[in-house]
Amino acid sequence: MDQAITGHRTTLLEGLPGKNGLYGQDILAVSQFDRENLDYLFALAERMRDVVETDGGVDLLKHRVLAALFYEPSTRTSASFIAAMERLGGSVIPITQGVQFSSVSKGESLPDTVRTLEQYADAIVLRHPETGSVAIAARYAQKPVINAGDGTGEHPTQALLDLFTILEELGTIDGLTVAMVGDLRFGRTVHSLTQLLLNYDVRLRFVSPEILRAPLDLTNKVRDAGYDMRETYDVHDVIGEADVLYVTRVQKERFSDLAQYEQVKDYYLISPALLERAKPKMVVMHPLPRVGEISYEVDEDPRAAYFRQVRNGLYIRMALLAAVLCPA
Ligand code: ASP
């Protein structure tokens, strides 16, 4: 490690609260996170924000290479990992499903693809349509593998940026009422964020049509942990008490029966009229893309936090890459 990098590390990575513990690790699921490494990551993400705002970035990961392998479409997650790596002075090998002539489209197995890519890269970011596939890839790879979404399973880096956004917007996570709205069955961001919130003292509300209810193993986990939680079909039941309204889209691509999708796709709409009944300091969040569940007029409301949430994804992914690739 050269002197310049050591110097930046001194400024950026020292004196942080909590504990890193993520160096050299795969990032597969939110169960890997606790208050100590969350405190560390959030404080580091705030430093990353300052660095980006003042200098655009810092050469902490100079000469480091990330392979970004996306077997499912992605706009924000892939762009934000690329921006994060480049703002830390590193570079990215982007491989997407649409790339023709790559081995991925030639039917090479996932284990072979990751074992090949790690010969070039220091870490691999992987999105895949099958739940559990990223964990399988990580078993074969020697280098850290970061889960960028595995089917309807988990999306841990989204959950980290969601939690960081709540903290940045409301100054605390403890004591809040968080309402998840929409496709709670297939929405992997909901699955990850809910479990991450179990590190805090929160009340949880789940709002969805019957066929999109959160999986039982998730709601049982919340209930068994003793949390104040409630499920409802109607967002009006929770709008007055929510501090965070976490809205998700109905994920058409996950339905095997499109008639079912048609039944529920317009089930709810977050509108200015609905927000009149909400707390003045509530935040509306969304992992994006939205496909009609939040009306565009809501964008003018200062409580609409979804584009600030996107920005926070950059800082969190910078912090996570630094935590995984730099010994503390
Ligand atoms: N972007 C999020 C995800 O990849 C949410 C979504 O696609 O609806 O899971």
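Analyst: Buried means under 20% relative accessible area, exposed means over 50%, and partly exposed lies in between, with a 1.4 Å probe and protein chains only. This is a predicted model, so local features need pLDDT of at least 70, side-chain atom pairs need pLDDT 80 or more, and totals for chains, interfaces and linings use all residues. Residues are numbered from 1 along each chain as its sequence is written, and side-chain values use heavy atoms, without hydrogens and water.

User: Is His63 buried or exposed?
Analyst: Start with its place: His63 is in the loop between H2 and strand S1 (65-70). Helices (H or I, at least four residues) and strands (E, at least two) are DSSP runs, numbered from the N terminus. His63 has 66% relative accessibility, so it counts as exposed.

User: What is the phi of His63, which is not a glycine?
Analyst: Most residues other than glycine have a negative phi. His63 has a positive one, and its value is about 70°.

User: What span does helix H2 reach from its first C-alpha to its last?
Analyst: H2 covers residues 35-55, which is 21 residues. The expected span is 1.5 Å times one less than the number of residues. For H2 the expected value is 30 Å, and the model comes close to it, reaching 30 Å.

User: Which residue caps the N-terminal end of H2?
Analyst: Look at the backbone nitrogen of Glu36. A side-chain oxygen lies 3.1 Å from that nitrogen. The oxygen belongs to the capping residue, Asp34.

User: Which residue with a positive phi follows H2?
Analyst: Go to the residue that comes after H2. Its phi is near 85°, and the residue is Gly56.

User: Where does the ligand sit?
Analyst: A pocket is an open set of points on a 1 Å grid over the protein atoms alone, with protein on both sides within 12 Å along at least five of seven lines. A molecule sits in one if more than half of its atoms lie within 2 Å of its grid points. The ligand sits in the largest pocket.

User: How far is an oxygen atom of the ligand from an N or O atom in the side chain of Arg249?
Analyst: A polar contact is a pair of N or O atoms within 3.5 Å; within protein, one must be able to donate a hydrogen and the other to accept it, and residues adjacent in sequence count only if both atoms are side-chain atoms. For the side chain of Arg249 and the ligand oxygen, the distance is 2.6 Å.

User: Is Leu288 buried or exposed?
Analyst: Leu288 is in the loop between S9 and H11. It is not a glycine, yet its phi is positive, about 65°. Its relative accessibility is 13%, so Leu288 counts as buried.

User: What is the omega of the peptide bond from Leu288 to Pro289?
Analyst: Most peptide bonds are trans. Pro289 lies in the loop between S9 and H11. The bond from Leu288 to Pro289 is cis, with omega near 5°.

User: Why is H7 largely enclosed by the rest of the structure, and how many of its residues are buried?
Analyst: Thr189 is found in H7, residues 188-197. Thr189 counts as buried because its relative accessibility is 8%. H7 is largely enclosed because the count of buried residues is 10 of the 10.

User: Which residue joins its side chain to that of Thr189 in a polar contact of 3.1 Å?
Analyst: Thr189 is also one of the residues surrounding the ligand. At 3.1 Å, its side-chain partner is Tyr246.

User: Which residue makes a polar contact of 2.6 Å with the side chain of Ser80?
Analyst: Ser80 is in helix H3, residues 76-87. It is buried because its relative accessible area is 10%. Its side-chain partner at 2.6 Å is Arg317.

Notes:
Near = heavy atom within 4 Å. 1 Å grid on protein atoms, 1.4 Å probe; cavity = no way out; pocket = protein on both sides within 12 Å on 5 of 7 lines; lining within 4 Å.
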